[in-house]
Amino acid sequence: MFPIAIALAFIMKKFINVKKTEQEDAYRNRCQGNNSTVRYRSHVPDGNIFSPGYHIRKPRAIGIFCRLCRIAGNFCSLEKQTPHPLIDLKILSDKILLPSNVIMIIVGISTFMVYQTIPILVRSPEPLGFGGDVIAVAEVQLPFMIVSLVVSAAGGFFLARIGNLNLAALGTIICTVGFFGILAFHYTEYAISATLAVISVGLSFAIVGCFNIILMSSPQKVEGVSLGMSVLLMLVGNSLGPSVAGMYQQMYRGTIPNISATFPSAQAYDQIFLTAALLSLVSVFLAVGLRKKIGAKTSMVPS
């Protein structure tokens with residue numbers, strides 16, 4: 001992937017001409033963004049805080065949370081001052097774009113909260129897991145990837161047949177069914193694999209439908225900015241999912257006889273799957289409300 005990224009950067013520099021003033025603004029924004037990133041990373045602990053044997057004390061956790069809130073506030077104030085912010089609140093607060101972005105954030109959080117939990121569930125020793133190896137993990141997660149590849153490739157076909165609103169709403173409903181299914185039937189590897197395939201279909205439909213809604217509803221002058229913000233927010237949701245899952249796995253842990261380490265308990269997995277299901281249910285209501293808003297907006301346009 002790194003050579004491809006280098007090649008794309010070279011092509012963009014070669015064929016895309018940017019005015020000098022825009023280059024200076026872009027450079028300034030990049031410097032500010034890098035500064036925020038460095039400050040953020042300096043206050044964020046390592047990813048091993050959720051590993052077995054690592055315990056966070058309550059005062060330290062509160063301190064980390066306060067620092068992250070302060071950094072988020074600094075980022076918001078910095079975005080208001082820059083002429084070309086990474087997240088334009090005027091565009092984001094649109095009645096159609098806002099729920100569409102929230103749906104993609106929720107779908108991303110729910111999907112990756114569950115998807116990143118499966119390897120831990122499969123590899124944990126019995127009775128807290130299935131006691132499988134990396135091959136077993138691949139066998140469980142492979143249907144998700146295959147179905148996602150096929151359905152995403154055929155997304156244009158479904159989009160032309162049922163429309164972007166119906167596709168987004170159908171995707172959120174399928175995701176909700178899949179999450180409640182994995183909540184009820186996560187006691188066998190085959191059931192988990194089947195429910196992941198269902199979630200993959202809903203995820204592909206929701207993303208394709210919401211991206212098309214955002215593209216069609218954004219003003220022509222800011223289509224690129226709006227689409228870029230949507231991708232950024234979706235990635236934020238994808239990143240929050242594993243963090244929430246790790247929080248539950250650290251809160252609810254169990255022990256196994258003759259093994260010194262601790263592992264996530266059954267209650268941890270129940271909480272993860274239940275949270276994902278409830279969040280996905282919220283996205284269904286957002287999709288229904290979005291359909292009503294767009295329908296009302298269309299009916300107000302004179303023919």
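Author: A nonpolar core is a set of buried Ala, Val, Leu, Ile, Met, Phe, Trp, Tyr and Cys residues joined through side-chain atoms within 4.5 Å, where buried means under 20% relative accessible area, exposed over 50% and partly exposed in between, with a 1.4 Å probe and protein chains only. The model here is predicted, so local features need pLDDT of at least 70 and side-chain atom pairs pLDDT 80 or more, while totals for chains, interfaces and linings use all residues. Residues are numbered from 1 along each chain, and side-chain values use heavy atoms, without hydrogens and water.

Reader: Which residues have the most contacts inside the largest nonpolar core?

Author: They are V114, I118, I192 and L196, in a core of 45 residues. The largest share of this core, 9 residues, comes from α10, helices being DSSP runs of H or I with at least four residues, and strands runs of E with at least two, numbered from the N terminus.

Reader: What is I192 in contact with, leaving aside its neighbours within four places in sequence?

Author: Contact means heavy atoms within 4.5 Å, and by that rule I192 touches I118, L121, F130, V140, I182, F185 and H186. A second, separate core of 5 residues includes L159, L167, I174 and F205.

Reader: Is M145 buried, partly exposed or exposed?

Author: M145 counts as partly exposed because its relative accessibility is 44%; its place is in helix α7, residues 134-153.

Reader: How many helices and strands does the protein have?

Author: There are 12 helices and 2 strands, and buried residues make up 36% of the 303 residues.
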